[in-house]
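Welcome, and please open your viewer. We will go from stop to stop, with something to select at each one.

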Amino acid sequence: MSDKISILIVDDEDSVRDSLLNWFIEDGYDVAAAENAKKALQMLETRDFNIILADIKMPGMDGLELHRRIRALNRESIVIIMTAFASVETAVQALKDGAYDYVTKPFDPDDLSHLIRNAASQIALRNENEALKKRVTTLEEVDDLIGQSEAIRLVLEQVESVAQSNASVIITGESGTGKELVARAIHANSSRRYFPLVSVHCGALTESLLESELFGHEKGAFTGATFNRKGRFEMADGGTIFLDEIATISPKMQIELLRVLETKSFVRVGGNKEITSDFRVICATNRDLGSMVRSGTFREDLYYRLNVVNINIPPLRERVDDIPLLVSHFIRKYCTSMSRDMITIEPAALKQLEKFEFPGNVRELENMIERAIVIGNGREIKLKDLPMGREAPDTSVESLDELEKRHIEQILAKYNWNVSRSARALNVDRVTLYNKIRKYDLKHKE
Amino acid sequence: MEEKRIILLSCGQFDRAFLKKVALAAEAEYRHAVITEECHLDLNPFYNPARRQYDGDRLLRHIHLCTDTEHEKMIGLFRVDLYIPILTYIFGQAILGKSVAIASVFRLRNELYGLKQDDNLLLIRTIKEVIHELGHTFGLIHCHHQACVMHSSTYAEEIDLKSSTLCPACRSILADGQK
């Protein structure tokens with residue numbers, strides 16, 4: 001009937017153990033019995049039980065203490081306390097301690113049957129929930145972290161291997177390579193994924209603002225601090241804090257950060273209460289922290305504390321193979337967000353993209369595609385929709401004189417050789433313009 | 001190997017016709033000869049005055065001692081209210097896969113629940129209970145099929161919901177066990 005559910009009966013009375021054993025065996029459960037709490041704990045060292053029925057009054061350790069020990073072992077067993085002496089106090093205590101239920105001996109067979117059936121369905125639900133969570137986890141992907149090149153595969157492998165640990169990670173790479181996406185991928189695949197990922201852009205904040213941002217502040221800590229405010233470390237409790245542009249923080253903040261990383265505790269600005277928070281740190285920088293340490297601008301102890309794992313994201317020019325995939329991804333992304341039909345890209349345009357250096361990396365490519373979709377014909381991205389395909393400024397003019405001659409010619413033509421208006425447009429007097437016309441031998445073509 | 005027989009032990013002055021019908025039903029279900037025997041067991045030692053009930057565990061053990069476990073299965077049928085220490089009452093009890101079982105008609109009677117006496121319903125409930133407990137002696141556990149006689153019943157009306165026969169799955173387990 002319920003062959004997957006295991007039950008442990010803990011009672012010092014032989015008759016109770018035997019009766020219940022027999023009852024549950026007939027129901028098809030996997031049943032075991034222990035004559036005291038000590039024996040039960042020994043059995044729990046070697047195997048788990050879904051349901052534990054424990055007598056409250058036993059020589060030595062009682063049922064309530066056994067329940068506390070089971071909880072301390074972090075076992076997920078459902079504990080049902082049995083007693084021959086019904087008292088509200090013990091019932092309340094058992095339930096406060098997290099017992100599933102409390103039953104008075106002797107049980108009504110129907111009540112016992114219902115109790116076990118309900119506990120079994122709760123276990124089934126929990127198992128189903130776990131299974132679904134696992135399925136969701138395996139499907140977890142982070143948008144935009146796209147690529148099949150060897151370089152990006154190596155990054156993804158590193159993300160996968162580091163995600164399940166609690167190690168601090170430094171993500172390095174040029175601007176626009178997707179450092180924050182990698183941080184999101186690590187968080188989304190870690191056991192902290194159901195808790196927040198809090199991002200702080202250290203480079204955008206002054207020292208005092210960053211301090212308040214990270215640690216929070218108490219009301220009245222400084223002018224304008226009219227309310228208590230939680231800091232980012234506090235908000236990241238249970239989750240991950242992502243410190244972008246870590247290389248920009250001041251020496252004072254480096255010391256503060258080191259202390260917080262070591263103790264996982266801090267005090268809000270203007271406060272005196274120690275706050276603890278369980279967070280994982282992921283940092284990102286586009287600078288060479290190693291050389292900053294050597295030059296003395298970044299603390300060595302903080303560097304080693306943060307740099308447990310280093311993931312370097314290659315620039316886009318080193319993974320040209322990923323450009324077609326990224327292009328299709330961004331086309332899909334922006335066509336969807338703009339509610340447009342899916343479009344394609346002409347081969348010539350794609351070829352030009354593959355040749356481009358992309359100093360702004362993936363972010364630059366993304367912006368190009370978004371712009372091309374906006375200005376394009378709605379069917380295909382053409383080379384002319386991309387910055388490298390647009391008409392370049394005429395660079396055939398080599399000397400300044402030549403440039404001046406052409407410009408004056410254009411202005412005179414525009415104003416139909418009206419010298420006064422042309423001179424005003426050129427912001428010179430008429431005499432100067434006449435001199436230039438003579439110098440360059442310009443003639444009015446009728 | 002000698003065929004096992006089933007003894008239906010009458011421990012409470014039951015009507016012969018009643019016993020016969022129960023025996024025939026059990027015989028039809030298990031394809032073993034079912035013999036009814038009278039037993040004049042003194043129930044006083046099994047009485048618990050505090051609970052005003054009879055100790056099912058001890059009765060079961062007592063019957064076990066009187067059984068030739070090699071060649072027979074025995075089910076004692078009682079009129080008295082049975083209990084086991086942990087439960088307020090039982091309809092019957094068996095030792096899974098062994099040779100003995102007990103059952104009582106006490107809580108199967110309609111009158112106990114303030115209803116009109118119904119001898120036919122009592123017979124049907126008794127047949128179901130006897131076949132159910134004998135099923136345990138053949139190693140069958142409770143079945144999730146509502147109509148199977150091995151479905152667990154904790155109150156009398158629940159017995160009425162199931163049939164008096166084994167479902168195909170339990171019958172198949174029984175056949176495998178008897179090979």
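A residue is called buried if 20 or more other C-beta atoms lie within 10 Å of its own, exposed if 12 or fewer, and partly exposed in between, with C-beta atoms placed from the backbone. This is a predicted model, in which local features need pLDDT of at least 70 and side-chain atom pairs count only at pLDDT 80 or more, while totals for chains, interfaces and linings use all residues. Residues are numbered from 1 along each chain as its sequence is written, and chains are lettered from A and ligands numbered from 1 in the order in which they are written.

**Stop 1: the end helix.** Select residues 430-439 of chain A, which form helix α18. Helices (H or I, at least four residues) and strands (E, at least two) are DSSP runs, numbered from the N terminus. Of the 10 residues in α18(A), the number buried is 1, so this helix lies largely in the open. Just after α18(A), click on A:D441, which has a positive phi of about 55°.

**Stop 2: all of chain A.** Now colour chain A by secondary structure: there are 18 helices and 16 strands. Of its 446 residues, 32% are buried.

**Stop 3: a helix pair.** Select 150-163 (α6) and 179-188 (α7) in chain A; these helices pack at an angle of about 40° with their axes 8 Å apart. Axes here are lines fitted to C-alpha atoms, for helices over the stretch in contact, and angles run from 0 to 180 degrees between N-to-C directions. Show A:V155, A:V159, A:V162 and A:A163 of α6(A), which meet A:V182, A:A185 and A:I186 of α7(A). Meeting means contact: C-beta atoms, placed from the backbone, within 7 Å.

**Stop 4: the cores.** A nonpolar core is a set of buried Ala, Val, Leu, Ile, Met, Phe, Trp, Tyr and Cys residues joined through C-beta atoms within 7 Å. The largest one has 84 residues, and among those touching the most other members are A:I7, A:V10 and B:L8. Centre on A:I7: leaving out residues up to four places away in sequence, its partners include A:F24, A:Y29 and A:F49. A second, separate core of 39 residues includes A:V169, A:I241, A:I282 and A:L302.

**Stop 5: where the chains meet.** Which chains share this contact, and with how many residues? Chain A brings 17 residues and chain B brings 17 residues. On the side of chain A that touches chain B, α1 (14-26) and α5 (109-139) each supply at least two residues. The most come from α1(A), with 6 residues.

Note on methods. Contact = placed C-beta atoms within 7 Å.
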